[in-house]
Amino acid sequence: MTEEYTLEKCKLLAEKVASANDLPFQCKKYEDAVKTANITRKATEKGAYDGMQGGLAAQANKKSGRESHAQIQRRLTNSRRFTKQK
């Protein structure tokens with residue numbers, strides 16, 4: 001027995017799959033379902049570095065030109081404080 005795929009059922013499946021290639025063959029005849037499956041879902045800004053190790057996140061920040069908190073603090077701290085004669 002083959003399962004019947006309606007447009008509504010195919011649209012529900014299309015929202016959950018990663019790409020149109022993951023849709024059943026019967027759903028590929030519905031253009032709306034294929035378009036819905038091909039939409040790229042973007043992650044939020046909060047998850048930009050999720051799963052990255054500390055070193056990888058630091059490398060990503062270095063490429064984009066951002067300084068770490070320690071680098072900013074060193075730059076803004078009076079350097080004479082450490083070399084001042086007592």
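Are C10 and C27 buried or exposed? Select them: both C10 and C27 are buried, where buried means under 20% relative accessible area, exposed over 50% and partly exposed in between, with a 1.4 Å probe and protein chains only.

This is a predicted model, in which local features need pLDDT of at least 70, side-chain atom pairs count only at pLDDT 80 or more, and totals for chains, interfaces and linings use all residues. Residues are numbered from 1 along each chain as its sequence is written, and side-chain values use heavy atoms, leaving out hydrogens and water.

Stay on C10 and C27 and show the sulfur atoms, which are 2.1 Å apart and form a disulfide (a pair of cysteine sulfur atoms within 2.5 Å). A search of the whole structure finds 1 disulfide. C10 lies in helix 1 and C27 in the loop between helix 1 and helix 2, so the pair ties together parts 17 residues apart in sequence. Helices are DSSP runs of H or I with at least four residues, numbered from the N terminus. The torsion about the S-S bond is about -80°, so this disulfide is left-handed.

Next, select Y5, C10, A14, V17, A20, L23, C27, A33 and A37. These 9 residues make up the largest nonpolar core, a set of buried Ala, Val, Leu, Ile, Met, Phe, Trp, Tyr and Cys residues joined through side-chain atoms within 4.5 Å. Helix 1 (7-16) and helix 2 each give two or more residues to this core.

Now select D32, in helix 2 (residues 31-38). D32 is partly exposed, with a relative accessible area of 40%.
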